[in-house]
Amino acid sequence: MIAHPVIIAVPLLTLAFCLLDRNRQWQDWLVERASFRTAATAAMLARIALQIFGEIDTQIPFVYFQF
(Lines give C-alpha, C1' and ligand atoms only; values in the text may rest on other atoms or scores of the structure.)
Protein backbone atom coordinates (compact mmCIF):
# COMPACT_ATOMS: atom_id res chain seq x y z
CA MET A 1 0.00 0.00 0.00
CA ILE A 2 1.42 3.35 -1.04
CA ALA A 3 1.03 6.26 1.37
CA HIS A 4 -0.91 9.31 0.29
CA PRO A 5 1.45 11.98 -1.10
CA VAL A 6 0.41 14.52 1.54
CA ILE A 7 1.44 12.14 4.32
CA ILE A 8 4.93 12.15 2.85
CA ALA A 9 4.99 15.80 1.75
CA VAL A 10 4.01 17.46 5.05
CA PRO A 11 6.87 16.02 7.13
CA LEU A 12 9.36 16.59 4.32
CA LEU A 13 8.29 20.21 3.87
CA THR A 14 8.44 20.75 7.62
CA LEU A 15 11.93 19.29 7.75
CA ALA A 16 13.02 21.43 4.78
CA PHE A 17 11.67 24.56 6.45
CA CYS A 18 13.51 23.74 9.68
CA LEU A 19 16.77 23.08 7.84
CA LEU A 20 16.50 26.24 5.74
CA ASP A 21 15.58 28.40 8.72
CA ARG A 22 18.26 27.20 11.14
CA ASN A 23 18.92 30.71 12.44
CA ARG A 24 15.17 31.28 12.85
CA GLN A 25 15.24 34.36 10.65
CA TRP A 26 11.83 33.68 9.08
CA GLN A 27 10.28 32.67 12.39
CA ASP A 28 11.63 35.76 14.15
CA TRP A 29 10.43 37.99 11.31
CA LEU A 30 6.96 36.47 11.46
CA VAL A 31 6.73 36.90 15.23
CA GLU A 32 8.40 40.30 15.64
CA ARG A 33 7.99 42.31 12.45
CA ALA A 34 5.25 40.86 10.30
CA SER A 35 1.95 42.66 10.10
CA PHE A 36 -1.12 41.13 11.68
CA ARG A 37 -2.50 40.34 8.23
CA THR A 38 0.63 38.39 7.25
CA ALA A 39 0.70 36.45 10.53
CA ALA A 40 -3.02 35.69 10.26
CA THR A 41 -2.57 34.47 6.69
CA ALA A 42 0.29 32.18 7.73
CA ALA A 43 -1.80 30.81 10.61
CA MET A 44 -4.78 30.23 8.33
CA LEU A 45 -2.64 28.40 5.76
CA ALA A 46 -1.22 26.20 8.53
CA ARG A 47 -4.74 25.49 9.77
CA ILE A 48 -5.94 24.53 6.28
CA ALA A 49 -2.93 22.24 5.83
CA LEU A 50 -3.69 20.52 9.15
CA GLN A 51 -7.35 20.14 8.20
CA ILE A 52 -6.46 18.54 4.86
CA PHE A 53 -3.92 16.29 6.57
CA GLY A 54 -6.53 15.21 9.11
CA GLU A 55 -9.17 14.43 6.47
CA ILE A 56 -6.92 11.94 4.70
CA ASP A 57 -7.02 9.55 7.64
CA THR A 58 -10.83 9.53 7.83
CA GLN A 59 -11.12 8.03 4.34
CA ILE A 60 -9.42 4.78 5.36
CA PRO A 61 -12.06 2.27 6.55
CA PHE A 62 -11.57 0.29 9.73
CA VAL A 63 -10.17 -3.12 8.74
CA TYR A 64 -12.14 -5.25 11.22
CA PHE A 65 -15.45 -3.45 10.72
CA GLN A 66 -17.19 -6.47 9.14
CA PHE A 67 -16.03 -9.11 11.63
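Visitor: What makes the space of about 370 Å³ the volume of a pocket?

Guide: The largest pocket holds about 370 Å³ of space. On a 1 Å grid over the protein atoms alone, a pocket is an open set of points with protein on both sides within 12 Å along at least five of seven lines. Its volume is the space filled by probe spheres set on the points. By the way, this is a predicted model: local features need pLDDT of at least 70, side-chain atom pairs count only at pLDDT 80 or more, and totals for chains, interfaces and linings use all residues. Residues are numbered from 1 along each chain as its sequence is written, and side-chain values use heavy atoms, with hydrogens and water left out.

Visitor: Which helices supply at least two residues each of the lining?

Guide: Those are α1 (5-20) and α3 (36-58), with α1 giving the largest share, six residues. A lining residue has an atom within 4 Å of a point; V6, F17 and L45 are among them. Helices here are DSSP runs (H or I, at least four residues), and the protein has three of them and zero strands.

Visitor: Why is L15 called partly exposed?

Guide: Buried means under 20% relative accessible area, exposed over 50%, and partly exposed in between (1.4 Å probe, protein chains only). L15 has 48% relative accessibility, so it counts as partly exposed. L15 is in helix α1, and together with I7, I8, L12 and L19 it makes a nonpolar surface patch of about 450 Å².

How values were computed:
1 Å grid on protein atoms, 1.4 Å probe; cavity = no way out; pocket = protein on both sides within 12 Å on 5 of 7 lines; lining within 4 Å. Patch = residues over 30% accessible without salt bridge, like charges linked within 9 Å, V, L, I, M, F, W, Y side chains within 5 Å. Areas by Shrake-Rupley, 256 points an atom, 1.4 Å probe, with all protein chains shown as cover. Salt bridge = Lys/Arg side-chain N within 4 Å of Asp/Glu carboxyl O.
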